[in-house]
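Dear colleague,

I am handing over the structure below, together with an account of what was found in it. Please look through the coordinates alongside the notes that follow.

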Amino acid sequence: MTTQPLQEFVPITAPIEALEPEPLIPGQEQQGQLQNQPGQEPLASEQGAFPFGQSDSSPALNIEPMIVAPPPPPPRIPAFAPLETFSPLSPAVNALALAANQNSKAGNIESATTTIERAIRIEPRNATLYYKLALLKLKDSKPRLAEDLAKKAAILANNDTPLKKHSWLLVARAREMQGDLNGGKDARAKADKF
């Protein structure tokens, strides 16, 4: 196989000619409508179909306004109110939980999170602390972490039914924030059992 060298590119400098309109068929100017060319399919007017209520006798289109229904509203997500009262905590953990609450109210979510994580290192099986950490993650726009922590709180809250219920409600809210409305519905159904 032999190859040929590329030829030099030469730009086209000739002016582009304007397209000439096709000549009208005699009588077309007076009728105000198109006519068939030989070999074309029949026009809609020749088939007896007139769009938008147009009749053969009226050359102007009679377009009626189209009524479009508004989109359905998004599904209503129930309000979420976190649990406010908890079972008593040990003095050291209670002091850390209070400090975390103050930091959270002041808007310092990162410091509150660090404080609760310290409390969890002291009492790693305390469901209340996991619930509080899940709330902080939810406030920090980390719903996936909040969901996981709330599930852990629900598991650890053996006989504390209010905490179990609110943990599942927090799971529902986290799922809804992630766009999983069916998952949120399932979590609310679990919460309703308590």
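Which helices each supply at least two residues of the lining of the largest pocket? They are α3 (91-105) and α5 (127-139), and before I go further into that region, please keep in mind that this is a predicted model.

To begin with the overall picture, the protein has 8 helices and 0 strands, so that the elements read α-α-α-α-α-α-α-α from the N terminus on. Of the 194 residues in the protein, 29% are buried. Among contacts with a separation of 6 or more, 50% are accounted for by residues 24 or more positions apart.

Returning to the largest pocket, the space in it comes to about 470 Å³. The lining consists of 21 residues, of which Glu 84, Phe 86, Asn 101, Lys 132 and Leu 135 are the closest to the centre of the pocket. Helix α3 gives the most to this lining, with 7 residues. Sorted by class, the lining has 13 nonpolar residues, together with 4 polar and 4 charged ones.

If neighbours within four places in sequence are left aside, Leu 135 is in contact with Phe 80, Pro 82 and Leu 170. Leu 135 can also be set against Leu 83, from which it is 52 residues apart in sequence, while the C-alpha to C-alpha separation in space is 9.8 Å.

A second residue that I looked at is His 166, which is found in helix α7. His 166 is buried, and its relative accessible area is 17%. With neighbours within four places in sequence again left aside, His 166 is in contact with Phe 80, Ala 81, Pro 82, Leu 83 and Tyr 131.

Because 13 of its 17 residues are buried, α7 is largely enclosed by the rest of the structure. Just after α7, Gly 179 takes a positive phi of about 90°.

Helix α8 (residues 181-192) has 12 residues, and the distance from its first C-alpha to its last is 16 Å, close to the 16 Å expected at 1.5 Å a residue. Its buried residues are Gly 183, Gly 184, Ala 187, Arg 188 and Ala 191. Seen down the axis of α8, these buried residues fall within an arc of 140°, and they therefore line one face of the helix. What do the buried residues of α8 pack against? Their partner is α7 (161-177). The face of α8 that is turned away from the buried side carries the exposed residues Asn 182, Lys 185 and Asp 192.

With kind regards

Methods: Residues are numbered from 1 along each chain as its sequence is written. This is a predicted model: local features need pLDDT of at least 70, side-chain atom pairs count only at pLDDT 80 or more; totals for chains, interfaces and linings use all residues. Side-chain values use heavy atoms; hydrogens and water are left out. Helices (H or I, at least four residues) and strands (E, at least two) are DSSP runs, numbered from the N terminus. The expected span of a helix is 1.5 Å times one less than its number of residues. Buried means under 20% relative accessible area, exposed over 50%, partly exposed in between (1.4 Å probe, protein chains only). The arc is that of the directions from the helix axis to the C-beta atoms. Contact means heavy atoms within 4.5 Å. On a 1 Å grid over the protein atoms alone, a cavity is a set of points where a 1.4 Å probe fits but cannot get out, and a pocket is an open set with protein on both sides within 12 Å along at least five of seven lines; lining residues have an atom within 4 Å of a point. Grid points are joined across faces, edges and corners, and a volume is the space filled by probe spheres set on the points. Ala, Val, Leu, Ile, Met, Phe, Trp, Tyr, Cys and Pro count as nonpolar, Asp, Glu, Lys and Arg as charged, and the others, Gly among them, as polar.
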